[in-house]
Amino acid sequence: MQGIAKALSQHGKQLRLAVLQHMNKGIFSWATLISRIQSESPTVIIPHMGLENITVREILTAKGAAQSGAVYWCSTAHLVHDAVKHMTANNVGALVVLKSGDDKQLAGIVTERDFARKVLLPGRPSEETRVEDIMTEENKLVTVSSNTNILRAMELMTDERIRHVPVFDEKVVGMISVGDVVRAIVDQQHQEVKQLKKYITGDYY
């Protein structure tokens, strides 16, 4: 009994409190995202270690974004039309923007929402508009590091009302989305349930 009590204390309560505290805040519904991802076939992406121990690094590794060349980007000089084509081709909702002429210098981020609000709605031609004209600039950018805890990343996304966050470790090493965070939470929840079932059926003594 002590083992299962410890597991529940470390994982179950932490998970439920974290989700309840953040799921209904902000412009998107954490509850809706969690419900939708729970309906998918559960796939283990991160070993069960408890949300308090999961960092952005684990999420990047699980999605393969920690590999060299997996950071999707464009430059400030690129046309919006080309940036959107790049997003579509790679099935991503945002691109890191690097300064033109210096592919190591972070300039900002451009998202599908930027395109919709600043190009589509005003009727601006995407073939004539540069990324630098619609992006979120570096001085307004919210970033995390590989060592940032998943709950902290979730809190930042909720408080800042954003869906994509660049991961910056002296240089850009990846990008995480609200979907990545929720998928990791649901994955941990599935594994927790499996552990509880094992205890109930007598696999724990």
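Which strands and which helix do the buried residues of H4 pack against? They pack against strand E1 (73-75), strand E2 (94-98), strand E3 (106-111) and helix H5 (112-120). Here buried means under 20% relative accessible area, exposed means over 50%, and partly exposed lies in between (1.4 Å probe, protein chains only). Contact means heavy atoms within 4.5 Å.

This is a predicted model, in which local features need pLDDT of at least 70 and side-chain atom pairs count only at pLDDT 80 or more, while totals for chains, interfaces and linings use all residues. Residues are numbered from 1 along each chain as its sequence is written, and side-chain values use heavy atoms, with hydrogens and water left out.

Start with the whole chain. The protein chain has seven helices and six strands. These are DSSP runs, numbered from the N terminus: helices (H or I) have at least four residues, strands (E) at least two. Of the 205 residues, 41% count as buried.

Now look closely at H4, residues 80-90. Its buried residues are Val80, Ala83 and Met87. Seen down the axis of H4, they fall within an arc of 60°, so they line one face of the helix. The arc is that of the directions from the helix axis to the C-beta atoms. The face turned away from this buried side carries the exposed residues Lys85, Thr88 and Ala89. Just after H4, Asn91 takes a positive phi of about 55°.

Next comes the sheet. Strands of a sheet pair through backbone hydrogen bonds, either parallel or antiparallel. Four strands form an open sheet here, in the order E1-E2-E3-E4, with mixed pairing. Two strands pair if DSSP finds at least two bridges between them. E1 and strand E4 (136-137) stand at the edges with a single partner strand each, so one side of each is left without a neighbour in the sheet. E2 and E3 run antiparallel, joined by five bridges. Val96 stands opposite Ile109 in E3.

Turn to the nonpolar cores. A nonpolar core is a set of buried Ala, Val, Leu, Ile, Met, Phe, Trp, Tyr and Cys residues joined through side-chain atoms within 4.5 Å. The largest one has 23 residues; Val56, Ile59, Val144, Ile150, Ile176 and Val181 have the most contacts inside it. Helix H3 (56-63), helix H6 (150-160), strand E5 (164-168) and helix H7 (178-200) each give two or more residues to this core. Apart from it lies another core, of 13 residues, including Ala83, Val110, Phe115 and Val131.
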